[in-house]
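Work through the exercises below with the sequence and the model at hand. Each task is followed by a solution in steps.

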Amino acid sequence: MVLDITDRLGIRTGRHVAPAGLAAIVLGAALFVLPPHSTLAAIALALAGGAAFALGTARRANGRWWALVAGLISAALLFAALTVAGRGLALRAFGQAETCTVTDRVMIETGARYHHYGFVHTLACGSGTLTIRTDPGDRVPVGTAVLILTSDLIEPDFADRHSLLLEVPAVLGSIALTAVLVRRSVRSAN
């Protein structure tokens with residue numbers, strides 16, 4: 001089955017749009033992780049990059065529907081792995097671990113329209129006072145000593161939220177899935 005939209009695209013489009021889509025996904029993940037932490041710009045870049053990557057791989061695969069669906073799924077998994085697991089890997093690679101004590105925990109409402117609660121933890125560390133925002137499942141009692149990952153560029157976070165045993169395979173797996181998809185779409189084009 002040949003998709004009409006990929007028929008209108010030229011072969012060069014498949015060669016240029018798919019890598020440009022991957023670059024947009026990586027740039028969106030970097031915007032999400034690094035300052036200025038622009039979530040809207042990161043998601044917009046990821047959506048545009050995912051669509052471009054999916055259309056490019058579908059075009060390279062001679063318009064097969066599986067390539068379009070696989071491209072969308074692969075792009076979403078790549079962005080998710082780079083933002084969630086990539087943040088933890090960046091903190092572990094470029095940050096330092098520090099033991100801190102939770103001095104205060106305040107429950108805040110984070111949703112204006114729908115009730116959703118989060119927590120702001122205030123921590124006393126050797127380097128000064130830090131604040132960390134978490135979801136309801138990540139609340140730490142006051143007085144608890146915790147290991148914190150800090151960096152000059154990335155916001156600090158609890159070290160136990162970032163397991164290398166989960167994050168490394170997530171990033172490598174999403175990159176491998178994307179590489180397999182690109183290779184398969186190029187092979188089916190020949």
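The model is predicted, so local features need pLDDT of at least 70 and side-chain atom pairs count only at pLDDT 80 or more, while totals for chains, interfaces and linings use all residues. Residues are numbered from 1 along each chain as its sequence is written, and side-chain values use heavy atoms, with hydrogens and water left out.

**Exercise 1.** Classify A48 and state where A48 lies.

Solution. Step one: A48 sits in helix α3; helices (H or I, at least four residues) and strands (E, at least two) are DSSP runs, numbered from the N terminus. Step two: the relative accessible area of A48 is 48%, so A48 is partly exposed.

**Exercise 2.** Decide whether S174 is buried or exposed, and list what S174 touches.

Solution. Step one: S174 belongs to helix α5, residues 164–189. Step two: S174 counts as buried because its relative accessibility is 6%. Step three: leaving aside residues up to four places away in sequence, S174 touches L77, L78 and A81, where contact means heavy atoms within 4.5 Å.

**Exercise 3.** Describe how α3 packs on α4.

Solution. Step one: α3 (residues 39–60) and α4 (residues 65–94) pack at about 150°, their axes 8 Å apart. That angle makes α3 roughly antiparallel to α4; angles under 35 degrees count as roughly parallel, over 145 as roughly antiparallel, 65 to 115 as roughly perpendicular and the rest as oblique. Step two: on the α3 side the contact includes A42, A46, G50 and F53, and on the α4 side L68, G71, L72 and F79 are among the residues. Step three: by class, this contact of α3 with α4 has 12 nonpolar, 4 polar and no charged residues. Here Ala, Val, Leu, Ile, Met, Phe, Trp, Tyr, Cys and Pro count as nonpolar, Asp, Glu, Lys and Arg as charged, and the others, Gly among them, as polar.

**Exercise 4.** Summarise the whole chain: which elements does the chain have, and in what order?

Solution. Step one: there are 5 helices and 5 strands. Step two: from the N terminus on, their order is α-α-α-α-β-β-β-β-β-α. Step three: 37% of the 190 residues count as buried.

How values were computed: Axes fitted to C-alpha atoms, helices over the stretch in contact; angles between N-to-C directions. Buried < 20%, exposed > 50% of the residue type's maximum accessible area, 1.4 Å probe, protein only.
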